[in-house]
Amino acid sequence: MKKLIALMAFLPILFVGCGKEGPADTPDMGGDAWYESLGKTPKNRAPTYQKAKGDTSLPVDLWRSVGEAEVDYDLSVSGDEADFDMDIKWPDTVFVVYTDLPDTGIRDTVIKPSPEFSGDLKFHYKVVDKDWKLTALTPAVVRSDSAGNHVKLDSIKCEVTNRDAGTYPTLSDPLALLSCYPIGDYPYTFQKGDLVKLKVYASGDINPFPLLFAPAPDSIPDLFNYNSTDGYWYGTWQTNATGHSWVWIDVIDLDIILDPNMKAPRAVLWGIPYIVE
């Protein structure tokens with residue numbers, strides 16, 4: 001069964017179990033926290049255009065404009081289990097401001113449109129105590145249509161640095177289901193105020209560079225640093241709000257920023273669902 005839904009980028013589709021005497025034939029729409037939290041992903045600020053006064057080549061600012069998205073999903077039911085397999089698509093535009101030294105007053109805003117970002121996401125439901133429950137979900141895997149095989153996000157590791165929180169699983173297969181029922185067993189569970197260090201491994205025939213997007217009021221690193229010995233980027237964000245959220249790691253081709261003539265962003269994003277207690 002397919003359905004096409006128009007919504008803002010990352011805005012959730014909502015499902016929830018129902019039925020008091022017994023489960024419905026399929027999960028129904030409703031207010032599930034995991035879906036609602038997709039809409040918390042911050043949007044970048046609105047663009048301010050600047051006309052060039054001369055040749056410019058040094059990037060000094062950038063932002064994105066994420067357009068309206070469409071979600072196409074398949075619902076498959078087998079006995080007391082059901083899967084929602086989703087395809088997410090939305091238009092995206094990057095704006096980069098260039099200048100030159102020593103006259104930094106000469107600025108030029110270059111518009112770099114990517115006609116479409118698209119990704120995959122799965123939510124797995126099961127009948128528990130005569131009701132449909134979300135029991136597992138996958139991270140979101142999103143690519144720009146210009147990414148091709150140029151950029152690859154290989155794996156992500158996370159660790160809490162301000163307390164002993166144990167070991168978190170390395171995310172290397174973003175299409176693998178993560179168990180989230182019961183909620184207390186979900187692997188990416190943090191506490192308010194945690195400092196979460198991310199290690200990002202990426203490859204490809206490009207100049208890769210990671211960016212991080214987390215919901216307000218979480219604080220994020222200005223830029224990732226690179227460990228040349230072990231070959232990974234690292235940055236730390238702080239969890240300042242409780243509840244269900246998603247953190248997005250965006251590996252881009254750095255040349256989209258460095259080169260004023262490159263117009264189509266090449267990027268891969270993984271969205272990791274997490275809980276702050």
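View 1. Cys-158 is buried, its relative accessible area being 11%, where buried means under 20%, exposed over 50% and partly exposed in between (1.4 Å probe, protein chains only). Cys-180 is buried too, at 1%. The predicted model holds 0 disulfides, a disulfide being a pair of cysteine sulfur atoms within 2.5 Å. Because this is a predicted model, local features need pLDDT of at least 70 and side-chain atom pairs pLDDT 80 or more, while totals for chains, interfaces and linings use all residues. Residues are numbered from 1 along each chain as its sequence is written, and side-chain values use heavy atoms, leaving out hydrogens and water.

View 2. Lys-122 belongs to strand β5 (residues 107–128) and Asp-85 to strand β4 (residues 81–99), so the pair ties together parts 37 residues apart in sequence. Strands (E, at least two residues) and helices (H or I, at least four) are DSSP runs, numbered from the N terminus. Both side chains are partly exposed, Lys-122 at 27% and Asp-85 at 29%. The structure has 5 salt bridges, each a side-chain nitrogen of Lys or Arg within 4 Å of a carboxyl oxygen of Asp or Glu.

**View 3. A buried pair.** Asp-253 and Arg-266 form a salt bridge, with their closest N and O atoms 2.5 Å apart. Asp-253 sits in strand β15 (residues 243–253) and Arg-266 in the loop between α2 (255–258) and β16 (267–276), so this contact links parts 13 residues apart in sequence. Asp-253 is buried at 0%, and Arg-266 is buried at 19%.
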